[in-house]
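Hi,

Here's the structure I promised to pass along.

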Amino acid sequence: MPASTDRAADLDDISFLGRLSEALSQTIEDQTRELFDAAGIVIPVRSCSLLTALRQAGEASAAELARALGQSHQLVIQKCPALIRLGLITQHPDPADARRKLFRLTEKGQAQMAMQDRYSEEISEVYRRLFEETGDVHAMILKTLRALKERPLRERATPQSP
């Protein structure tokens, strides 16, 4: 008997929630990139929160940015070379500890963040209209993340006593 031609549907099962979340994230990234391109925003879509955290800090190390974002130090470090190449941030040694590198937005980075701020207002409205159709995915994701932090899957997998 031939293999099913609808393999993706087989993987849309609830047990593959992580895969579906990644697919949603990738779709949002791809479609946001199109909007960024049209608006002249060169910021990598997945680096917007990093640049926002850096703008708030003024100057920060990768470790400080990782803590602010709730991400790994390694992930922050991986994003920085592209941001430097794009001229959005600079890197320099910490005067107090030469082993530590500090990052700061450039003038171009500041200008791009201002453009991204204007875009954020527009995309928030786009998401509100989408959520009228689908339900508030943002609120559901936040609620699910909080629930998993309070009680991880390993605890939820434990059989409950009657």
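Predicted model: local features only at pLDDT ≥ 70, side-chain atom pairs only at ≥ 80, totals over all residues.

β1 and β3 (residues 97–105) run antiparallel and are joined by 2 bridges. In that pairing, Ser 61 sits opposite Leu 102 of β3. Helix α3 (residues 48–57) packs on the sheet and touches β1, β2 and β3, with its direction at about 105° to that of β3.

The sheet itself is open, with 3 strands in the order β1-β3-β2 and antiparallel pairing. β1 (60–61) and β2 (89–94) are at the edges with a single partner strand each, so one side of each has no neighbour in the sheet.

Now the charges. Searching the whole structure turns up 9 salt bridges. One of them pairs the side chains of Asp 117 and Arg 55, at 2.8 Å from N to O. Asp 117 belongs to helix α6 (residues 107–134) and Arg 55 to helix α3, so this pair ties together parts 62 residues apart in sequence. Asp 117 is partly exposed at 29% relative accessibility, and Arg 55 is also partly exposed, at 30%.

Finally, Arg 129 and Glu 125 meet at 3.8 Å, N to O, in another salt bridge. Both lie in helix α6, 4 residues or about one turn apart.

Cheers

How values were computed. Residues numbered from 1 in each chain as written. Heavy atoms only, no water. Pairing = 2+ DSSP bridges. Contact = heavy atoms within 4.5 Å. Axes fitted to C-alpha atoms, helices over the stretch in contact; angles between N-to-C directions. Salt bridge = Lys/Arg side-chain N within 4 Å of Asp/Glu carboxyl O. Buried < 20%, exposed > 50% of the residue type's maximum accessible area, 1.4 Å probe, protein only.
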